[in-house]
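Subject: Structure for you to look at

Hi there,

Please have a look at it alongside the text.

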Amino acid sequence: LRLSPRLTRSLSSVIYHKTKGNPLFVSQLMLSLSKEGLLRPSLSRRRWEWDKEKIQSQKLPDDVAMFITESIQALSADVKSSICVLSCFGASADITVIKTLDGALNKNLVDNLDVAVREGLLDKADNQYRFSHDRIQEAAYNMMHILDRCNFHFFYGMTLAPADGETDDSLLLVAANQLNLAGPEAVQDKSQNAVVANLNLRAGKKAMEMSDFVAAYFYFDNGISFLRKKHWEEHYALSLELFDLAARCAHTNGDVISLNLLSQQVLTKSQSFEDKLNVMYYAMCVLASSSKLPESIERGLKILSRLGIDLQGCESGSVEACVQETKDLLSGYSDDEILNTERMTDQTKIMAMKFLGILETGMTQIMPKSAPYVTQRIIQLSLLHGMSPVSPIGFA
């Protein structure tokens, strides 16, 4: 009010008595008093004035949340409804999201939210609408019935979701978050389960691109929760990719329990040995990092044997002979030929290289005489089938 404490002492004592000093309550009460004319500017006195007796006699709720709810209830139905829409997105939402929903809901959301901004309930900055305080968002959200909230979240998510193949996926994570807040119970059409699971798959991949493996796991896990009972039979490829990537994120996040549960599903339901390779690789990595190198190496040798790469008994061979064979193999290629070798594209061979990479690391520590044989296989596969991210280990 830009007045000295001496002049405002009567008002501040009343305000403090009614709000107990809660900053949010204070600001909302001051706005309410201004709207009701109990706190007003005086042109003759050139300062603010107030009616202390009327303010003192005014009844207020004991709880700030109830006071905020009553403030929202006093608004028009359209403005109230628009604030509730915004509350479904948490503390804030981009104007792009609001404008996208505007057409689908056939509501003038932007104008209605601008009214809420003028009322002090929202702030508008940086192309976003933000609640002035989290208690305002809570009050607006709690005004809706819990079942209605689920349906709203699901509708908003499906409305914002980019179609398959659409290049603009700026709203993908927002859409996935809304669908996940709704939960599988909100799905009414059975065909939508796979659609939502696929959206979570795309959202998880996007999170992985941003190196946020915790968020990525959240999306993959939610995607799995939307799958129906017979999903392995009806949506095998989608199920396998969700479980594979969730297992990868669990491994990256150090969540061994989730990794084991996911891996067990893949090992049980996979239609081929090749489809099991990813989770078998993560399991081998866990063994290697938990001081179980002998078990990790043994498992790796068995898997490679099934892939046609037999390293059993390599510890009994001649290291010198192996090194000489490798030198002879490399002598037939110039540096330029090696550097210009094409990328490896065979997915099974790429996985075999991953197993060889972790096998070499383990053998170097506890079976150093066997490591050159692994190096030889890495080089052979790289020259025959192309370079993979593991190839430099062999050539180094």
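In what follows, two residues are in contact when heavy atoms of theirs lie within 4.5 Å. Please keep in mind that this is a predicted model.

Let me start with a helix pair. With contact taken that way, I83, C84 and S87 of helix 5 meet Q137, A140 and Y141 of helix 8. Sorted by class, this contact between helix 5 and helix 8 has four nonpolar residues, two polar ones and no charged ones. Helix 5 covers residues 77-87 and helix 8 covers residues 134-142; their axes come within 8 Å and cross at roughly 110°. Angles of 65 to 115 degrees count as roughly perpendicular, and helix 5 and helix 8 are therefore roughly perpendicular to each other.

Three strands make up an open sheet in the order 3-5-4, with antiparallel pairing. Which strands stand at the edges? They are strand 3 (92-94) and strand 4 (122-125); each has a single partner strand, so one side of each is left without a neighbour in the sheet. From one strand to the next, the twist averages 15°. Strand 3 and strand 5 (residues 128-131) run antiparallel and are joined by three bridges, and D94 stands opposite Q128 of strand 5. Helix 7, residues 109-118, lies across strand 4 and strand 5 and runs at about 115° to strand 4.

Then the charged pairs. Side chains of opposite charge can pair when their charged atoms come close. Counting a Lys or Arg side-chain nitrogen within 4 Å of an Asp or Glu carboxyl oxygen as a salt bridge, the model has eight salt bridges. Here are some of them, with their surroundings.

- R135 and E138 form a salt bridge, with 3.7 Å between the closest N and O atoms. The two are three residues apart in helix 8, which means that about one helical turn separates R135 from E138. R135 is partly exposed at 26% relative accessibility, and E138 is partly exposed too, with a relative accessible area of 36%.

- K206 and D169 meet through their side chains in a salt bridge of 3.4 Å, N to O. K206 belongs to helix 11 (residues 191-209), while D169 sits in the loop between helix 9 (146-160) and helix 10 (172-182), so this pair ties together parts that are 37 residues apart in sequence. Buried or exposed, where does K206 fall? K206 is buried, its relative accessible area being 19%, where buried means under 20%. D169, at 28% relative accessibility, counts as partly exposed.

- E295 and R299 form a salt bridge, the closest N and O atoms lying 3.7 Å apart. Both are in helix 17 (residues 293-306), four residues apart, so about one helical turn lies between E295 and R299. E295 is partly exposed, with a relative accessible area of 38%, and R299 is partly exposed at 35% relative accessibility.

K327 is exposed, with a relative accessible area of 53%. The C-alpha atoms of K327 and A247 are separated by 39 Å, and these two residues are 80 residues apart along the chain.

Happy to talk any of this through once you have had a look.

Best wishes

Methods. Residues are numbered from 1 along each chain as its sequence is written. This is a predicted model: local features need pLDDT of at least 70, side-chain atom pairs count only at pLDDT 80 or more; totals for chains, interfaces and linings use all residues. Side-chain values use heavy atoms; hydrogens and water are left out. Axes are lines fitted to C-alpha atoms, for helices over the stretch in contact, and angles run from 0 to 180 degrees between N-to-C directions. Angles under 35 degrees count as roughly parallel, over 145 as roughly antiparallel, 65 to 115 as roughly perpendicular and the rest as oblique. Ala, Val, Leu, Ile, Met, Phe, Trp, Tyr, Cys and Pro count as nonpolar, Asp, Glu, Lys and Arg as charged, and the others, Gly among them, as polar. Buried means under 20% relative accessible area, exposed over 50%, partly exposed in between (1.4 Å probe, protein chains only). Two strands pair if DSSP finds at least two bridges between them.
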